[in-house]
Amino acid sequence: MEPDEMLALFDREMREHARPDGPGTRVERVGDVVRQTGGPDDWNGVVWTAPDLSPARAESEIAAQVGHYAARGVGEFEWKLYAHDGPPGLGALLGAAGFEPEPPETLLVAPVADQAGAVELPEGVRLRNVTDAAGVELMVRAHELAFGTDGSRLRLQTLARLADAPPDTFVAVVALAGDEPVSSARMEMHPGTGFAGLWGGGTAAEWRGRGIYRALIAHRARIAAGLGYRFLQVDATDRSAPILRRLGFTALSTTTPYVYRTAP
């Protein structure tokens with residue numbers, strides 16, 4: 001499949017016809033956008049905009065979404081703007097409405113079959129699938145070591161997914177050196193689509209460059225292959241995008257999270 005065909009498929013299956021990404025969330029198309037709404041610890045935001053959105057309608061939609069989330073007491077939500085989205089200048093309109101852009105990420109996709117190879121780990125490192133609260137704590141610790149950010153929200157979201165997610169829609173895994181968590185990752189499967197999304201892959205600084213990140217890709221790809229998914233999708237940071245390109249992922253677009261935060 002050519003990159004433009006794959007991007008069109010991604011836009012259709014994963015954005016225009018998006019599925020809720022967790023229990024207690026809902027996805028709906030209203031006007032010219034598709035949005036997800038959940039609780040304060042869920043991801044809230046706009047995932048798709050109509051291709052023929054005009055600047056005037058864009059301003060109206062931006063105001064409508066700010067009002068929607070404010071009415072539900074959501075203190076923060078995101079407008080996921082892709083480089084190929086219209087109209088031109090949508091980012092500027094979002095900025096004028098009070099949204100703050102965060103660092104852009106690269107949308108990368110690869111065939112599952114190309115990534116589902118051997119899971120090769122450094123000596124002394126093993127993988128543990130996260131299935132209970134103790135596993136979640138290990139995963140959160142690895143995430144905090146890798147990214148230097150607080151994992152409280154990740155803890156709540158993962159515990160909720162383990163408790164309520166339908167079967168074969170969510171995978172979390174942690175890499176352990178002995179009993180010490182050194183890396184972790186998640187995968188979101190979307191039944192009815194060909195895509196499995198890879199999230200959160202990160203490794204503690206002293207363990208980078210030893211193949212753990214690649215092993216986590218292969219581990220999740222093997223699971224996705226067993227469930228019949230065709231593609232892996234990643235919104236990659238500047239740190240992980242070069243690794244994924246070397247592994248054979250294709251860049252389809254970039255996405256910039258525009259975040260709206262209400263005053264405390």
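Arg35 is located in strand β2, which spans residues 33-37; strands are DSSP runs of E with at least two residues, helices are runs of H or I with at least four, and both are numbered from the N terminus. The model is predicted: local features need pLDDT of at least 70 and side-chain atom pairs count only at pLDDT 80 or more, while totals for chains, interfaces and linings use all residues. Residues are numbered from 1 along each chain as its sequence is written, and side-chain values use heavy atoms, with hydrogens and water left out.

Arg35 counts as buried because its relative accessibility is 9%, where buried means under 20% relative accessible area, exposed over 50%, and partly exposed in between (1.4 Å probe, protein chains only). The side chain of Arg35 forms a polar contact of 2.8 Å with that of Gln65 and another of 3.1 Å with that of His68. A polar contact is a pair of N or O atoms within 3.5 Å; within protein, one must be able to donate a hydrogen and the other to accept it, and residues adjacent in sequence count only if both atoms are side-chain atoms. When neighbours within four places in sequence are set aside, the contacts of Arg35 include Arg26, Glu28, Val46 and Tyr69 (contact means heavy atoms within 4.5 Å).

The largest nonpolar core has 20 residues, of which Met187, Leu232, Leu244 and Phe249 touch the most other members. Such a core is a set of buried Ala, Val, Leu, Ile, Met, Phe, Trp, Tyr and Cys residues joined through side-chain atoms within 4.5 Å. Elements giving two or more residues to this core include β6 (105-111), β9 (180-189) and α7 (212-226), and α7 supplies the largest share, four residues. Apart from this core lies another, of 16 residues, among them Leu53, Val66, Leu94 and Tyr258.

Helix α5 (residues 133-147) has 15 residues and reaches 21 Å from its first C-alpha to its last, close to the 21 Å expected at 1.5 Å a residue; the expected span is 1.5 Å times one less than the number of residues. Its buried residues include Val136, Leu138, Met139 and His143. The buried residues of α5 pack against β7 (125-129), α6, β8, β9 and β10. Gly148 follows α5 and has a positive phi, near 70°.

A cis peptide bond, with omega about -5°, joins Gly86 and Pro87; Pro87 lies in the loop between β4 (76-82) and α3 (90-96). Asp168, in the loop between α6 (152-164) and β8 (170-177), has a positive phi of about 60° although it is not a glycine.
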